[in-house]
Protein chains: 2
Amino acid sequence: MAEEAAVREQAETVRRLKQEKADPDEIAKEVAKLLEMKAQLGGDEGKHKFVLKTPKGTRDYSPKQMAIREKVFNAIISCFKRHGAEVIDTPVFELKETLTGKYGEDSKLIYDLKDQGGELLSLRYDLTVPFARYLAMNKITNIKRYHIAKVYRRDNPAMTRGRYREFYQCDFDIAGQFDPMIPDAECLKIVHEILSDLQLGDFLIKVNDRRILDGMFAVCGVPDPKFRSICSSVDKLDKMAWEEVRSEMVAEKELCPEAADRIGDYVRLQGGLELIEQLLQDPKLSQNKQAKEGLGDMKLLFEYLTLFGIAGKVRFDLSLARGLDYYTGVIYEAVLLQQERQPGEEPLGVGSVAGGGRYDGLVGMFDPKGRRVPCVGVSIGIERIFSILEQRLEASEEKIRTTETQVLVASAQKKLLEERLKLVSELWDAGIKAEVLYKKNPKLLNQLQYCEDSGIPLVAIVGEQELKDGVVKLRVVATREEVNVGRESLVEEIRMRTSQP
Amino acid sequence: MAEEAAVREQAETVRRLKQEKADPDEIAKEVAKLLEMKAQLGGDEGKHKFVLKTPKGTRDYSPKQMAIREKVFNAIISCFKRHGAEVIDTPVFELKETLTGKYGEDSKLIYDLKDQGGELLSLRYDLTVPFARYLAMNKITNIKRYHIAKVYRRDNPAMTRGRYREFYQCDFDIAGQFDPMIPDAECLKIVHEILSDLQLGDFLIKVNDRRILDGMFAVCGVPDPKFRSICSSVDKLDKMAWEEVRSEMVAEKELCPEAADRIGDYVRLQGGLELIEQLLQDPKLSQNKQAKEGLGDMKLLFEYLTLFGIAGKVRFDLSLARGLDYYTGVIYEAVLLQQERQPGEEPLGVGSVAGGGRYDGLVGMFDPKGRRVPCVGVSIGIERIFSILEQRLEASEEKIRTTETQVLVASAQKKLLEERLKLVSELWDAGIKAEVLYKKNPKLLNQLQYCEDSGIPLVAIVGEQELKDGVVKLRVVATREEVNVGRESLVEEIRMRTSQP
């Protein structure tokens with residue numbers, strides 16, 4: 001079974017390379033590998049070995065990685081709670097039809113479940129569509145909530161850069177009819193707080209607005225039906241050069257070259273309030289109703305960001321598009337900037353770590369009567385943040401504890417298992433984090449070594465003499481200091497010695 | 001699309017009823033319903049309405065439910081950490097072959113993903129098999145870890161009783177070669193601590209051993225190849241009467257009636273140390289090597305449980321079987337007992353809330369060289385616990401807060417949005433949990449009402465006069481007391497007034 005899975009995966013690689021019109025040499029290499037694998041499988045039938053791996057694009061989290069993950073989650077959850085958010089959860093899969101028509105070109109990345117009788121299901125692609133479904137289903141018109149959960153995309157993973165097929169999203173959204181741009185500004189404040197708090201280095205939040213994009217497409221002469229597809233092309237500008245994007249627009253999407261060039265002039269623009277003012281004066285854009293509305297709101301947004309003291313990290317960028325179909329207003333994306341660079345060199349984005357925007361129409365797509373609930377939200381992309389912190393921890397060689405055990409219950413002599421079990425049980429019942437080695441007669445040295453290895457600060461040693469005297473010998477692992485403590489005050493003593501300053 | 005999904009679901013119900021040989025009247029009723037649905041679908045084509053629902057057997061968690069869930073998780077995680085466990089996580093799906101051959105008759109309940117090219121995948125059915133895969137893959141021979149995550153079973157949901165197709169498991173496992181029954185006893189101690197801590201009412205932990213079961217089957221005359229399948233039948237004794245189980249053994253599984261009757265005599269036995277002693281003297285069982293080993297370990301287990309002070313809640317029960325294929329030694333299951341009962345009436349189990357056992361062979365099934373890593377663990381079944389606590393909360397009409405907001409920043413006059421935003425931003429930056437209404441000019445009454453509704457204890461009111469005086473008016477919602485606080489000491493004042501005693 002295992003080689004078959006490997007062959008299938010290799011076949012998929014070949015298919016993808018062909019589809020992407022990759023370098024023919026590379027394709028040939030991968031085809032050769034595929035044929036060889038097939039030949040081996042044929043010649044070795046019946047002797048199938050097990051493949052010990054997680055599915056492509058996924059990974060396990062070790063205790064060490066979990067310690068980092070918990071730290072990041074705590075920072076994010078603290079921030080969401082600081083802003084008064086409630087929390088919800090939804091199932092990992094949805095009815096297939098719930099996801100249909102929400103993600104534009106990205107829909108092909110949705111994982112479907114096998115038809116085993118019953119409903120047709122798909123794994124969630126993000127947390128936004130399930131949130132909208134939840135609002136419509138429960139007729140909620142007003143909520144501020146966060147949701148932290150895994151989402152699934154059949155993408156080509158680049159795991160070293162923190163891109164997975166199964167990955168966490170940490171979403172914060174505000175639903176309800178409110179005065180313009182106040183919740184939108186709070187979302188950006190949240191991104192700013194979280195990225196500052198996690199100390200990931202310098203970052204930049206790019207903002208744009210779907211209405212400005214649509215207005216721009218209109219005045220550049222893009223035909224209405226091509227808006228979404230041209231928008232998808234613009235979305236690639238963070239990974240591809242303008243020339244490539246332009247050729248995709250003209251060659252694949254059959255946009256006239258003049259329109260593409262006019263788009264090119266706009267999408268090169270980025271700045272702050274002064275750019276907004278300039279575009280509000282732009283003879284073409286200012287005549288477009290949508291663009292004018294978007295620019296007006298963008299101006300208001302920057303005013304609020306200034307009040308929040310974060311306008312300096314936010315840049316209005318006309319090339320920001322975000323591919324998802326459901327956005328209707330402001331959109332944003334936070335990128336970390338390259339750490340080391342030469343003086344005068346432009347800061348280079350090393351990847352998006354947060355993104356979001358306004359989606360006023362999504363809930364209405366689920367409501368039987370089409371009732372709209374305006375929403376705006378942000379999603380923190382945790383995996384890249386993990387990757388960065390993991391690499392940093394490894395480089396620092398800092399030792400990280402993966403348990404919180406306060407004390408190991410040990411004995412120096414043999415035949416004291418019962419006494420150790422009795423004492424550790426007393427400590428557990430008193431709420432002390434305690435362990436005992438699962439050996440009848442462990443050596444004291446091994447017990448001390450276990451404490452060294454796992455960072456346990458205290459050892460409670462029972463022996464014949466201590467039992468007779470009604471005491472326990474408490475040893476501080478770091479200093480090797482030993483002190484006899486009355487059994488009745490042991491819990492208090494351990495608490496005192498392990499309380500965080 | 002929506003009606004189609006409903007029809008498919010109905011068709012599945014019919015298929016299941018037929019398979020289960022249900023009451024013909026009931027089948028006829030469901031078939032009639034199916035035909036009617038199909039007819040409607042045919043006559044109404046093209047006018048498909050959207051079904052607003054979560055998939056069958058799943059549910060959303062509202063903020064209130066999440067508050068309960070967090071409380072339960074915290075109790076469980078505290079206990080796991082108290083026992084020195086690390087934490088890991090694994091992907092929601094595994095290679096299909098990873099799950100193959102691990103679950104016996106339950107394998108039909110596994111959710112497969114659709115073949116979309118690439119590997120064949122299935123949703124995890126429990127956390128134990130992924131744990132064993134993790135150990136083998138990373139060559140770990142020694143770990144104590146917990147894992148809290150959702151698992152998936154295409155079962156017939158009974159959601160009112162807390163049975164879902166997507167549900168949480170909270171697993172604690174100890175892997176490694178240790179002296180007998182010490183880790184096993186700790187697992188039971190953990191179940192005892194968690195169920196006591198959650199105050200779910202009286203409970204009982206049933207224990208048995210696969211070796212005792214196998215020995216019993218052997219001495220009763222069950223042929224070797226029928227062991228697993230007869231074990232599955234015994235496993236149903238918590239839901240079915242002995243007569244039914246017996247007839248399944250004899251009629252469906254072709255066991256000779258005499259063997260079934262001999263099994264019947266054993267599986268009626270339950271007790272403590274005295275029953276173990278009695279069976280150690282049993283002329284037939286005591287001659288069986290496996291049974292003897294199992295009984296010897298069971299005796300040791302009860303000795304350790306006595307040291308832990310929990311033997312009173314544990315009962316050796318020969319009818320406990322647990323269907324999963326991978327258990328090799330001690331097995332256990334915790335049930336909550338009915339609350340109200342007449343004096344002298346037997347306590348009645350209202351459902352299993354925890355279960356587990358020893359599985360010494362599972363890791364070896366994944367290791368290329370078959371190296372064994374002995375394991376024992378326990379899984380807390382959270383959903384039934386949620387159901388109970390949810391019902392209890394509803395009955396009590398206790399109000400539960402779903403946010404932690406300490407203060408609402410408000411204003412009594414118009415045109416103070418900027419001042420509110422500036423103040424709330426200051427509070428966020430100081431780590432205060434604060435909110436502001438997203439209105440330009442909200443009425444003070446609405447702002448106070450919002451605090452009442454969501455339980456926010458304080459309001460920080462800014463007005464022209466306060467701004468001039470450099471103060472903020474702090475109002476205590478519960479008492480309506482108001483006090484002017486200098487802006488520079490506002491953070492300290494809020495902290496002091498909202499710190500938990």
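Between chain B and chain A, 44 residue pairs are in polar contact, with both residues at pLDDT 80 or more; a polar contact is a pair of N or O atoms within 3.5 Å, where within protein one atom must be able to donate a hydrogen and the other to accept it, and residues adjacent in sequence count only if both atoms are side-chain atoms. Helix H15 (residues 417-429) of chain B gives the most to the side of chain B that touches chain A, with 8 residues; helices (H or I, at least four residues) and strands (E, at least two) are DSSP runs, numbered from the N terminus.

The model is predicted, and local features need pLDDT of at least 70, while side-chain atom pairs count only at pLDDT 80 or more and totals for chains, interfaces and linings use all residues. Residues are numbered from 1 along each chain as its sequence is written, chains are lettered from A and ligands numbered from 1 in the order in which they are written, and side-chain values use heavy atoms, with hydrogens and water left out.

The contact, meaning heavy atoms within 4.5 Å, takes 98 residues from chain B and 98 residues from chain A. The two chains bury about 9,100 Å² between them, 59% of it on carbon and sulfur atoms; this buried area is the accessible area (1.4 Å probe) that two parts lose on being put together, summed over both. In chain B, the residues that lose the most area to chain A are Leu52(B), Trp428(B) and Tyr438(B), together 10% of what that side buries.

The rule also finds 16 salt bridges across this interface, each a side-chain nitrogen of Lys or Arg within 4 Å of a carboxyl oxygen of Asp or Glu. One of the salt bridges joins the side chains of Lys144(A) and Glu435(B) (2.7 Å, N to O).

Within chain B, strand S14 (residues 458-462) is largely enclosed by the rest of the structure, because 5 of its 5 residues are buried, that is, under 20% relative accessible area (1.4 Å probe, protein chains only). In a regular strand the side chains alternate between the two faces of the sheet. Leu458(B), Ala460(B) and Val462(B) point one way from S14(B), and Val459(B) and Ile461(B) the other way. Two strands pair if DSSP finds at least two bridges between them, and the table lists pairings of S14(B).

| Partner strand | Sense | Bridges |
|---|---|---|
| S12(B), residues 407-411 | parallel | 5 bridges |
| S15(B), residues 471-476 | antiparallel | 4 bridges |

In these pairings, Val409(B) stands opposite Ala460(B), and Leu458(B) stands opposite Val476(B).

Methods
Buried means under 20% relative accessible area, exposed over 50%, partly exposed in between (1.4 Å probe, protein chains only).
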